[in-house]
Amino acid sequence: MSPGSDPVSPLEQALHAARALVLADLVAQQVAEADVVSMVEESVVQRRWWVEQWPDGAAYVAGLIAQDVQDALLERYGRWPLCPVCGTGDPHALDVEPELGPDPRWVCHKAGVRVAAVGALGAVTGGSSPS
Ligand SMILES: [Zn+2]
(Lines give C-alpha, C1' and ligand atoms only; values in the text may rest on other atoms or scores of the structure.)
Protein backbone atom coordinates (compact mmCIF):
# COMPACT_ATOMS: atom_id res chain seq x y z
CA MET A 1 0.00 0.00 0.00
CA SER A 2 1.75 3.11 -1.12
CA PRO A 3 -0.14 6.23 -0.09
CA GLY A 4 0.60 7.96 -3.36
CA SER A 5 -1.26 5.48 -5.51
CA ASP A 6 -4.40 4.98 -3.41
CA PRO A 7 -7.42 6.77 -4.74
CA VAL A 8 -8.78 9.24 -2.23
CA SER A 9 -11.78 7.70 -0.55
CA PRO A 10 -15.17 9.37 -0.88
CA LEU A 11 -15.09 10.01 2.85
CA GLU A 12 -11.82 11.85 2.61
CA GLN A 13 -13.14 13.81 -0.33
CA ALA A 14 -16.23 14.80 1.63
CA LEU A 15 -14.13 15.85 4.62
CA HIS A 16 -11.72 17.76 2.44
CA ALA A 17 -14.57 19.58 0.70
CA ALA A 18 -16.27 20.35 4.02
CA ARG A 19 -13.05 21.74 5.45
CA ALA A 20 -12.59 23.97 2.41
CA LEU A 21 -16.16 25.29 2.64
CA VAL A 22 -15.92 26.18 6.31
CA LEU A 23 -12.51 27.78 5.83
CA ALA A 24 -13.91 29.85 2.97
CA ASP A 25 -16.62 31.18 5.27
CA LEU A 26 -14.09 31.95 7.98
CA VAL A 27 -12.00 33.86 5.47
CA ALA A 28 -15.12 35.69 4.30
CA GLN A 29 -15.60 37.09 7.79
CA GLN A 30 -11.89 37.51 8.38
CA VAL A 31 -11.52 35.16 11.31
CA ALA A 32 -9.29 32.56 9.67
CA GLU A 33 -6.47 32.90 12.17
CA ALA A 34 -4.15 30.05 13.04
CA ASP A 35 -6.00 28.92 16.14
CA VAL A 36 -9.32 29.16 14.35
CA VAL A 37 -7.99 27.00 11.55
CA SER A 38 -6.92 24.47 14.17
CA MET A 39 -10.52 24.40 15.46
CA VAL A 40 -11.55 23.36 11.98
CA GLU A 41 -8.88 20.67 11.91
CA GLU A 42 -10.04 19.40 15.29
CA SER A 43 -13.59 19.15 14.05
CA VAL A 44 -12.48 17.38 10.88
CA VAL A 45 -10.70 14.75 12.98
CA GLN A 46 -13.81 14.15 15.07
CA ARG A 47 -16.12 14.05 12.08
CA ARG A 48 -13.79 11.67 10.26
CA TRP A 49 -14.33 9.23 13.11
CA TRP A 50 -18.06 9.90 13.04
CA VAL A 51 -18.43 9.40 9.30
CA GLU A 52 -16.36 6.21 9.39
CA GLN A 53 -19.01 4.81 11.73
CA TRP A 54 -21.77 6.09 9.50
CA PRO A 55 -20.63 6.47 5.87
CA ASP A 56 -24.11 7.54 4.76
CA GLY A 57 -23.51 10.73 6.69
CA ALA A 58 -20.73 11.85 4.35
CA ALA A 59 -22.99 14.46 2.78
CA TYR A 60 -23.67 15.94 6.22
CA VAL A 61 -20.16 16.68 7.35
CA ALA A 62 -19.99 20.20 5.93
CA GLY A 63 -22.98 21.30 8.00
CA LEU A 64 -21.67 19.50 11.07
CA ILE A 65 -18.19 20.94 10.84
CA ALA A 66 -19.66 24.41 10.33
CA GLN A 67 -21.68 23.95 13.54
CA ASP A 68 -18.69 22.55 15.45
CA VAL A 69 -16.61 25.56 14.49
CA GLN A 70 -19.45 27.90 15.30
CA ASP A 71 -19.69 26.41 18.81
CA ALA A 72 -15.94 26.52 19.33
CA LEU A 73 -15.78 30.14 18.19
CA LEU A 74 -18.66 31.13 20.44
CA GLU A 75 -16.68 29.99 23.46
CA ARG A 76 -13.46 31.71 22.51
CA TYR A 77 -14.33 34.66 20.26
CA GLY A 78 -18.02 35.26 20.04
CA ARG A 79 -20.74 34.87 17.49
CA TRP A 80 -19.84 33.64 14.03
CA PRO A 81 -20.83 34.13 11.31
CA LEU A 82 -22.46 37.48 11.94
CA CYS A 83 -25.62 38.06 9.97
CA PRO A 84 -24.86 40.24 6.93
CA VAL A 85 -28.54 40.68 6.08
CA CYS A 86 -29.97 42.58 9.02
CA GLY A 87 -28.49 46.04 9.05
CA THR A 88 -30.12 47.12 12.29
CA GLY A 89 -30.67 45.71 15.76
CA ASP A 90 -28.41 43.46 17.76
CA PRO A 91 -25.69 41.65 15.86
CA HIS A 92 -26.57 38.00 15.69
CA ALA A 93 -25.16 34.85 14.23
CA LEU A 94 -26.50 32.82 11.37
CA ASP A 95 -27.59 29.22 11.88
CA VAL A 96 -26.86 26.17 9.80
CA GLU A 97 -29.86 24.54 8.23
CA PRO A 98 -30.45 21.66 8.11
CA GLU A 99 -28.58 20.80 11.29
CA LEU A 100 -28.14 17.28 10.03
CA GLY A 101 -28.56 16.99 6.30
CA PRO A 102 -26.97 17.54 2.93
CA ASP A 103 -26.55 20.90 1.21
CA PRO A 104 -26.21 23.02 4.36
CA ARG A 105 -27.05 26.71 4.31
CA TRP A 106 -26.62 29.68 6.58
CA VAL A 107 -29.95 31.12 7.56
CA CYS A 108 -30.99 34.16 9.56
CA HIS A 109 -33.86 33.19 11.81
CA LYS A 110 -34.52 36.80 12.67
CA ALA A 111 -35.21 37.82 9.10
CA GLY A 112 -36.32 34.34 8.11
CA VAL A 113 -34.07 34.19 5.09
CA ARG A 114 -31.50 31.86 3.67
CA VAL A 115 -28.35 33.90 3.41
CA ALA A 116 -25.91 31.65 1.55
CA ALA A 117 -24.80 28.08 1.17
CA VAL A 118 -22.10 27.02 3.60
CA GLY A 119 -18.90 27.97 1.80
CA ALA A 120 -20.49 30.87 -0.07
CA LEU A 121 -20.67 33.51 2.63
CA GLY A 122 -18.00 35.53 0.88
CA ALA A 123 -20.43 36.26 -1.92
CA VAL A 124 -22.87 38.01 0.43
CA THR A 125 -20.60 39.57 3.01
CA GLY A 126 -18.34 41.07 0.38
CA GLY A 127 -15.64 41.34 3.04
CA SER A 128 -12.92 39.68 1.04
CA SER A 129 -13.63 39.68 -2.62
CA PRO A 130 -10.57 38.39 -4.42
CA SER A 131 -8.64 41.15 -6.11
ZN1 LIG B 1 -30.17 38.54 10.56
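Start by selecting β1 and β2, which run antiparallel and are joined by three bridges. Keep in mind as you go that this is a predicted model. Within this pair, click on Glu 97 and look across to β2: Arg 105 stands opposite.

The three strands make an open sheet in the order β1-β2-β3, with antiparallel pairing. β1 and β3 are the edge strands, each pairing on one side only. Look along the sheet and you can follow its twist, which averages 40 degrees from one strand to the next.

Next, zoom in on residues 105-108 (β2) and 113-117 (β3), whose antiparallel pairing runs over four bridges. Pick Cys 108 and you will find its bridge partner, Val 113, in β3. β2 and β3 form a hairpin with four residues between them. Stop at Gly 112 in that turn, where phi is positive at about 70 degrees.

Then move to helix α3, residues 61-76.

Which residues of α3 are buried? Select Val 61, Ala 62, Gly 63, Leu 64, Ile 65, Ala 66, Val 69 and Gln 70 to see them. To find what these buried residues pack against, show α1 (10-28), α2 (34-53) and β1 (95-97). That last partner takes you back to the strand where the tour began.

Definitions and conventions:
Residues are numbered from 1 along each chain as its sequence is written. This is a predicted model: local features need pLDDT of at least 70, side-chain atom pairs count only at pLDDT 80 or more; totals for chains, interfaces and linings use all residues. Two strands pair if DSSP finds at least two bridges between them. Helices (H or I, at least four residues) and strands (E, at least two) are DSSP runs, numbered from the N terminus. The expected span of a helix is 1.5 Å times one less than its number of residues. A residue is buried if 20 or more other C-beta atoms lie within 10 Å of its own, exposed if 12 or fewer, and partly exposed in between; C-beta atoms are placed from the backbone. Two residues are in contact if their C-beta atoms, placed from the backbone, lie within 7 Å. Axes are lines fitted to C-alpha atoms, for helices over the stretch in contact, and angles run from 0 to 180 degrees between N-to-C directions.
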